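Me: Can you walk me through this one? I'd like the helix packing, the DNA side and the symmetry.

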Number of protein chains: 2
Amino acid sequence: MQPHALQVFRAVAEHGTITAAARTLRYTQSAVSRQIAALEAETGSPLFDRLPRGVALTEQGRCLLGHAEAVLDRLDAARRDLAALRDLTAGRLRVGAFPTAVAALVPRALAAFRSAHPQVALSLVEGLTPGLLDRLLAGDADVAVVSAAPDQPLDGDRFDLHHLVDEVLLVAVPRTHRLAHRRTVRLRELADDAFIAGSATAEETLLRATLPADFRPRIDIVAAEWTGKLGCVAAGLGVALVPALAVRATPPDLALLRLHPDDASVRRVFAATVAGRSRPPAVQRFLTRLDEATAGLR
Amino acid sequence: MQPHALQVFRAVAEHGTITAAARTLRYTQSAVSRQIAALEAETGSPLFDRLPRGVALTEQGRCLLGHAEAVLDRLDAARRDLAALRDLTAGRLRVGAFPTAVAALVPRALAAFRSAHPQVALSLVEGLTPGLLDRLLAGDADVAVVSAAPDQPLDGDRFDLHHLVDEVLLVAVPRTHRLAHRRTVRLRELADDAFIAGSATAEETLLRATLPADFRPRIDIVAAEWTGKLGCVAAGLGVALVPALAVRATPPDLALLRLHPDDASVRRVFAATVAGRSRPPAVQRFLTRLDEATAGLR
DNA sequence: CACCACCATGCGCCAGTGGCATGGCAGAAT
DNA sequence: ATTCTGCCATGCCACTGGCGCATGGTGGTG
C-alpha cells in the first residue's frame, strides 16, 4: 500500500491500460504490471479484469480507487503545507513583546514581515517579561521580545536569547533647557530639575543607578502616558526619562539627550525562544526583521 | 512519505522518544532514528526537536502529524473495506431475473444469501432476458438470471453463463381429469382439452414444439395471472401450461403433470455475468445459493 | 565523577523494485 | 487462413533502500 503503488494503480485505472500508464509514468510495462500484481496480492482482491484490449476496474478496484485518491491527495496536501510553512506562504507567528518595544521596534519589524509574507497570520501580545516567558514555555507564543536588567539576568538555560539592542535611556528636556544643546548628560547635572514620572516607583526602576544612594529625583508631576509626559516637558514643567525604544521620532519641541550609561542600568533587549527548540522559519525570519529594525534605531 | 515511515513518525510523536517508539514497533532504535531523519530530509523540514530526554514535535512536525494520521486512517479504511467486500460484510448485490424465476428460485436464493450475509445490500429487478442482459452490460446489475430457448442461444462471447437448470413445462389439470394420475403426458393427448392461456401468443411461445404444425391448442379462456389461471383449471374449465419454476408448492386441488420434453422446447436457465469480468465475491456466493435453490427444485 | 538514557552514524546484509528480455494470447489486418 | 499487432505476464539480473549490529557522542542523574 505504498503511495507509489497507489499512484501506479490510479494511473492504470485512468488509462485503462497498463502499457499506457507505464508510458506516462516513465516506467516499463513490466514494472507497472508487477506493481498491480503486488497490490492485488497485498489486498487479496483482484483489482482489474484483464480484457483483450486493456484492463478494467473490478468492484474491489473501484472501492480501492476512492481511497487511493484520497490518500494521494492528502499526501500532496501535506507536502504543500510543509512547503508553505517553509516558504512562509502559510502558517502563523505569535509575538510577545514588552510595552516599550511595542512602541516602535516590534511594529516596524512586524510591518516589514507582513509585507514580505502577507499569508502568515500575525498576532502580537503586549506584556511584561516574566509573563511573556511563561507564554513561551506554555507554547502560547512563538517568540518574545523581552528586556533584562543586568542584575536580573534571563534564564539562558531555558531560553535561547537573541540579543537585539541595549536599551538606551534618554532625558527629554524643553528646547529652552540649559542642557538642550548637549548630546549626553549625567544624572547629577539634573539634581535640581523636576522630574515628570509615570509613577514614583517606576522611575526608581529606570534609575537603578550607580549614583550615590542619596540621589532622589524631585518628582512634582506624575503622568501615566508618554504623550502627556512629553507635553509637560515641552511646557517647561520639568524633565523626563524616556527609553529610546519608545521614541518613534524626535518631537520638534523637545530635546532628547542621551543619559550617560553609568547612570542607568543597561537593560538588554532580547528576542527569546524556548531553548533547544528549533526556530520555525517564520520565527527565524522575524528575527532578521527585528535586527533590521534595531539597525534603524541606532 | 511511505506509510511505513508515517507510522514510525506517528509512533515517535506519540511516545516522545525514538527509543520507546522503536520498542513498540519492534524495531531497533537506529532504524527509527534513520526513518525520522529520512522523513525530515524528504520534507526538507525538521520534524522533531532533539531534547536531552527525548524528542518533541516542531511546528512542521505538528503540521505533518495531522496529515499522517489522516493518511494512515484512510489506508486502514481501505484495507477494512476491501476485506469487508471479500468477506461479504459489506457491499451490494444487484440481481436481475426473468419473471418466472422471481416466483420461487431467485427469492429463495436471495433469502439464503441474506441470512448468511445480512450486511450486503440486495436489490432485485424483474425483467425479460434481453433487457436484463443490457443492464448487465451497462453495469446496472451484477448478475442476471435469464432463460434461453434452444433456437435463441445467448451470446456466449459477451456473457459468462452459469447453467442453473432446464426449465420443465408442466400441465395443470383438475384432480378429476382423466390424466390426473399420470406423471408425464404428451401434447397430442390434450388435443381435445381446452387450454387456459395467459395470452394467445404467449402460449404459442411456450409450445414452440416439434409437434405437427397443425396442432393448435383450443383456447377458450384467457387469464393473465397464474392464480386465476390455476383457479380456472381447478374449477374444471380446462388445462394450463405452467413452467415448473413458477410453482412454489403443488396446489391441493390440481395435478401437475410433466410435459414430455419432445413436445416443448427446453428453455435453459442461466445465471449470466459479463464475460471476462471477474465475479465479485458477492456474485460468486450468490451463484452457489442459486445452485442450492435449484437443487431443491429438482 | 561515574552512570545512564537517548540519539546519530558507519558497516554489512538482504529484500524489494525496476529494466530487459521473452512468451502467450486475442483481436485486427492482409 | 495467416500474419501482424497490441497487450499482459514472468524469468533473470542489477541496484537501491532499509534493517540490524555495532560504536560514538551528549546531556541529565545519583
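Reply: Here is a short tour of those topics. Keep in mind that this is a predicted model.

Me: Start with chain A. At what angle do the axes of α1(A) and α2(A) cross?

Reply: Roughly 125°. Helix α1 covers residues 3-15 of chain A, and helix α2 covers residues 18-25. Their axes come within 8 Å.

Me: What does that make α1(A) relative to α2(A)?

Reply: Oblique. The crossing is right-handed.

Me: Which residues make the contact?

Reply: From α1(A), A:Val8, A:Ala11, A:Val12 and A:His15. From α2(A), A:Ile18, A:Ala20, A:Ala21, A:Thr24 and A:Leu25. By class, the contact has 7 nonpolar and 2 polar residues, with no charged ones.

Me: Next pair. How do α2(A) and α3(A) cross?

Reply: At roughly 115°, with axes that come within 8 Å. That makes α2(A) roughly perpendicular to α3(A).

Me: Left-handed or right-handed?

Reply: α2(A) passes α3(A) in a right-handed crossing.

Me: And which residues of α2(A) and α3(A) meet?

Reply: A:Ile18, A:Thr19, A:Ala21, A:Ala22 and A:Leu25 are on the α2(A) side. They meet A:Gln29, A:Ala31, A:Val32, A:Ser33 and A:Ile36 of α3(A). This contact divides into 7 nonpolar and 3 polar residues, and no charged ones.

Me: Switching to the DNA. How many residues are around DNA strand D, and which come nearest?

Reply: There are 23 around it. A:Ile18, A:Thr19, A:Ser30, B:Ser30 and B:Ala31 come nearest. A:Ile18 and A:Thr19 also take part in the contact of α2(A) with α3(A).

Me: Which elements give two or more residues to that surface?

Reply: In chain A, α2, α3 (29-43) and β2 (54-57). In chain B, α3 (29-43).

Me: Which element gives the most?

Reply: α3(A), with 6 residues.

Me: Last topic. What rotation superposes chain A on chain B?

Reply: One of 180°, with 0.0 Å of shift along its axis. The RMSD is 0.1 Å. That is the relation of a two-fold axis.

Me: How much of the contact surface of chain A recurs in chain B?

Reply: 100% of the contact residues of chain A recur in chain B. The same surface serves both copies.

Key. Residues numbered from 1 in each chain as written. Chains lettered and ligands numbered in written order. Predicted model: local features only at pLDDT ≥ 70, side-chain atom pairs only at ≥ 80, totals over all residues. Axes fitted to C-alpha atoms, helices over the stretch in contact; angles between N-to-C directions. Helix = DSSP H or I, 4+ residues; strand = E, 2+ residues; numbered from the N terminus. Parallel < 35°, antiparallel > 145°, perpendicular 65-115°, else oblique. Left-handed = near helix turned anticlockwise from the far one by under 90°. Contact = placed C-beta atoms within 7 Å. Nonpolar A, V, L, I, M, F, W, Y, C, P; charged D, E, K, R; others polar. Near = placed C-beta within 6 Å. Least-squares fit on C-alpha atoms with pLDDT ≥ 70 in both.
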